[in-house]
Amino acid sequence: MLHMRRPLPSVVYFNQILTQITNLKHYGVVIPLFRQMGLIGMAYDACTISIITYCYCQLKLAGLSLPVLAQFFKLGHQPDVTTFATVINALLLQTSSNPKVMNVEDALKVFHEMLHSRPLPSVFLFTQILGQLVKLKQYSAVISLNRQMGLIGIVPNDYTLNTIINCYCHLNQMGFGLSVLAQFFKSGLQPDVFTFNTLINGFILENQVAEATALFTKMVEGGYCKPDVFTFNTVIKAFCIMGNNSAAMQLLRKMEERGYEPEPNVVTYTTIIHSLLKDTLFVDAMNLFSEMISRGITPDVVTYNSLIHGVCNVGQWKEAIRLLNEMLSKGIFPDVPTFNVLVDTLCKEGMVVETESVVEIMIQRGVEPNSTTYNLLMDGYCLRGEIDEARHVFDLMVRKGSMVNVYSCNRLINGYCKKKKIDEANKVFKEMRCRELVPNTVTFNTLIDGFCKAGRKQEAEELFSEMQGCGQLPDVQTFAVLLDALCSNQQVSTALELLNEMEAKKLELDVVVYTVVIAGLCKAGNIE
């Protein structure tokens, strides 16, 4: 028909053929035929756009249907609600498998085209777009679009209002979040457990624990909806943040009552165990851990991480190893934080050989050590003065690619300085530039101190100037190092001038600074 003499058949006939090809699932054939129709000046109608958008969506190319929609608006056509629903659903399906497929521009295009469509699509379709924008973290945009919906008379449903509350919570605007809760009641809608959970969690993230617990009480006593286990866990977390372990335990006991719903889960117990261990209540934490197991609730890796971290904090590394073996025997696989806590503890105890064994177990289990793991291992070697071993770890990190960070370099520079290998330390400092790592105040302080103690005053002064030149402001520690060097060289008058300069800059001088100057004055016989 495309090559027939003029006049061409009606677009209805073309649509019938495109529909037949679509029914045969030859979506890739329909698209070029549609383009040929355009080239010969064929006028499209709403049926054509529905067919083409459907084909694009079936080919998982929903984004390409958006220009087609825009073209129809320019021609004065109105896609129907089914067309919009097809495009939105296809975009959402693509995004669920690959979050980067649908971008903000795509979502906004569909939204604005729907906004100008008559009759208006349902609020459900608009809310789907808002939900997608929330996934893309466009919280301010969602709030703005919701206002536009209100201006043209689109009445929000409960899902819309929950979406807006979620956005306000992410934007730390809890007052506006509560105003949306009030809108629920004004609109005759019933807030659900998700509504309250979002608000309670938002208050906790803002450290407004009292407001969170007050809203929980209102939720329960007002009978608006029944709290679920997430609600209880969130409020228990709030009590733990406040350091109110007894209130957290009371809420747990309420959940444990026979016939009460919801029952506590592994998150409930782990949250309280973590809080007890943070307060060094080791016996209470272990008792609750035993109670948890007796109730048939299996601990997870987070539970064991809390326990291991807690016992390591009180120096019980043997108990930490026992817990590690226990979790392995139960088929619970340790993760990077598990091993890092053990590595840190063993290194601080000077047990570097045992630390190496832990790292080996880690690798055998298929858990790849991260930069923190290797940095902690470097710390262990440096504490023992085994700087060559620390360098081997550093070189291993370099070979693994992009694992070396500023902390790694600082640790190695400090190790070399303590071994009085100042040239090696300076070499690492210069290597930082090549690795595009920006030295921080700690880096400069460590190396300046190293130069001063090595009697290389001029290089220390040059480094101090370089520090200020590259935008790193000297802190109290920097000046303490320089004061110590001046006093050690009996340059007390210069040290006093520097002290006056520090006071003029309103630096918070500590006892170390004054002790250094007083010692220098005494050594120079300036007792007064």
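I started with helix 23 (residues 406-418) and helix 24 (residues 422-434), whose axes lie 7 Å apart at an angle of about 165°. This is a predicted model, where local features need pLDDT of at least 70 and side-chain atom pairs count only at pLDDT 80 or more, while totals for chains, interfaces and linings use all residues. Residues are numbered from 1 along each chain as its sequence is written, and side-chain values use heavy atoms, leaving out hydrogens and water.

Axes here are lines fitted to C-alpha atoms over the stretch in contact, with angles from 0 to 180 degrees between N-to-C directions; helices are DSSP runs (H or I, at least four residues) numbered from the N terminus. Helix 23 and helix 24 are therefore roughly antiparallel (angles over 145 degrees).

Next I looked up who meets whom (contact means heavy atoms within 4.5 Å). Helix 23 brings residues including Leu412, Ile413 and Tyr416, and helix 24 brings, among them, Val428 and Phe429. I found 11 nonpolar, no polar and one charged residue in that contact (Ala, Val, Leu, Ile, Met, Phe, Trp, Tyr, Cys and Pro count as nonpolar, Asp, Glu, Lys and Arg as charged, the others, Gly among them, as polar).

Then I turned to helix 25 (residues 441-453) and helix 26 (residues 457-469): their axes come within 8 Å and cross at roughly 165°. Helix 25 and helix 26 are therefore roughly antiparallel too. Their contact includes Phe444 and Phe451 of helix 25 and Leu463 and Met467 of helix 26. By class, I noted nine nonpolar, two polar and three charged residues there.

Terms used
Helices (H or I, at least four residues) and strands (E, at least two) are DSSP runs, numbered from the N terminus. Angles under 35 degrees count as roughly parallel, over 145 as roughly antiparallel, 65 to 115 as roughly perpendicular and the rest as oblique.
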